[in-house]
Amino acid sequence: MRVFSGMQPSGTPTLGNYLGALRHFVEIQDEAECFYCVVDLHAVTVPQEPAALHRQTRQLSALYLAAGIDPRRSVLFLQSHVPAHSQLGWLMECLVHYGELGRMTQFKEKSEGKEGVSAGLFTYPALMAADILLYQATHVPVGEDQKQHLELTRDLAERFNKRYGDTFVIPEPLIPKVGSRIMSLDDPTKKMSKSSANPGSYISLLDSPDEIRKKIRRAVTDSEAEVRFDPQRKPAVSNLLTIYSSCTDKTIPELEKQYSGVGYGPFKQDLAEAVVARLEPLQERYRELVDSEELDRILAEGATKAKAVAEPNLHLVFERMGFLLPR
Ligand code: ATP
Ligand code: MG
């Protein structure tokens, strides 16, 4: 079993990123050979202020480690440190169809109503396919929103194999049953996103306890006062229940029982404390790591290990396609 996954340094990671992806990255280290990437090339598909990109890249790298990614067991690296990603990305752009990219809902959502949408935002799924296929990953842990990109990755791998002979492993998505789509705190019809313009819509992994309490207090609910899990009719409260359950070891039915007849006030207060308690140890480790030389050393070692796997695979692809290899 080989795992690849990535996160973009496009903001500070949110509780959605943690519950839908990062914590599963940590768990699966026991079973698989894992490659975890800070996909910085993906982050610039939308404008990034250079100082912010720089900071967010360190932040995300440190958060991977603080959450429990163990650099002795897993390979942690930056996408831009391994040029094979861009190289295979181009080949994937030449394999994917324009129409397929046009059907991607992430592109539609992120480009809607925007001016000056980059071509990179459109071709993003081709680079993502390259990221995964370069490592011959068998499994890709992701949140629900990435399912469509994963399906395209599988199609591209199959297309390549059919055209040029068996080359790529067809990767399987690993999408958690609970927490795979944490919704925004201000609008339960939208997923929580770290690049959102409204910080009130998400809980960042680096929010202070007071910020967390304030954001949860202000989170939208509904006009009833009943803590009940019903994603159709009570999407906001159901989202808060999912977060609560994921941050503790209480099941959703247990929580419904605990807060029956109590109303939203005490429920939100306890939820905030559960989130604070869950994030505190992670934030402590983060502070030790973020400006350390150890972080740079881990990323340099990670890039070396990643290249050792990615480069031979890239050469195989070039060869299969008929390129002359340099001698
Ligand atoms: P951006 O808004 O810049 O796209 P993002 O919050 O969507 O940021 P990504 O870096 O695109 O974060 O995704 C990293 C991982 O987190 C992916 O596996 C993605 O599926 C997962 N993820 C993102 N948002 C959520 C969410 N709201 N709930 C659960 N998982 C999520
Ligand atoms: Mg995203």
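Here is a short chat about how to read a few features of this predicted model.

Me: Before we start, how are things numbered here, and what sort of model is this?

Reply: Residues count from 1 along each chain as its sequence is written, while chains are lettered from A and ligands numbered from 1 in the order in which they are written. This is a predicted model, where local features need pLDDT of at least 70, side-chain atom pairs count only at pLDDT 80 or more, and totals for chains, interfaces and linings use all residues; side-chain values use heavy atoms, with hydrogens and water left out.

Me: Let's take the ligand. How many residues surround ligand 1, and which are the closest?

Reply: The general idea: a residue is near a molecule if one of its heavy atoms lies within 4 Å of it. Here 22 residues surround ligand 1, the closest being Ser 10, Lys 110, Asp 145, Lys 194 and Ser 195. By class, that shell has five nonpolar, 12 polar and five charged residues. For the classes, Ala, Val, Leu, Ile, Met, Phe, Trp, Tyr, Cys and Pro count as nonpolar, Asp, Glu, Lys and Arg as charged, and the others, Gly among them, as polar.

Me: Which element gives the most to the shell?

Reply: Elements are DSSP runs numbered from the N terminus: helices (H or I) have at least four residues and strands (E) at least two. H1 gives the most to the shell around ligand 1, with four residues. Strand E1 (2-7) and helix H1 (15-28) each supply at least two residues of it.

Me: Which polar atoms of the protein does ligand 1 meet?

Reply: Think of a polar contact as a pair of N or O atoms within 3.5 Å; within protein, one must be able to donate a hydrogen and the other to accept it, and residues adjacent in sequence count only if both atoms are side-chain atoms. An oxygen atom of ligand 1 is 2.6 Å from an N or O atom in the side chain of Lys 110. For the backbone, a ligand 1 oxygen is 2.8 Å from a polar atom of Gln 8, and a ligand 1 nitrogen is 3.2 Å from a polar atom of Gly 16. Taken alone ligand 1 exposes 600 Å², and the protein buries 97% of that. Those areas come from the Shrake-Rupley method with a 1.4 Å probe; for residues, only the protein chains shown count as cover.

Me: What does UniProt say about residues 9-17?

Reply: UniProt positions are given in the numbering used here, with shortened feature names, and annotations may be inferred rather than shown by experiment. An unreviewed UniProt entry annotates residues 9-17 as "short sequence motif: 'HIGH' region". In the model, the end C-alpha atoms of that span lie 12 Å apart, and the span is 33% helix and 0% strand.

Me: Back to Gln 8. Is Gln 8 buried or exposed?

Reply: Buried means under 20% relative accessible area, exposed over 50%, and partly exposed in between (1.4 Å probe, protein chains only). Gln 8 has 11% relative accessibility, so it counts as buried. You'll find Gln 8 in the loop between E1 and H1. The Gln 8 side chain makes a polar contact of 3.2 Å with the side chain of Tyr 124. Contact as such means heavy atoms within 4.5 Å. Leaving aside neighbours within four places in sequence, Gln 8 is in contact with residues including Val 39, His 42, Leu 60 and Lys 194.

Me: And where does UniProt place a "binding site"?

Reply: The unreviewed entry puts that feature at Asp 131, which lies in helix H7 (residues 119-133). At 3% relative accessibility, Asp 131 counts as buried. The side chain of Asp 131 makes a polar contact with the side chain of Gln 79 (2.9 Å). Not counting residues up to four places away in sequence, Asp 131 touches Phe 4, Val 39, His 42, Gln 79 and His 85.

Me: What should I notice about the phi of Gln 136?

Reply: Most residues other than glycine have a negative phi. Gln 136, though not a glycine, has a positive phi of about 50 degrees. Gln 136 sits in the loop between H7 and strand E4 (139-141), and is buried, with a relative accessible area of 15%.
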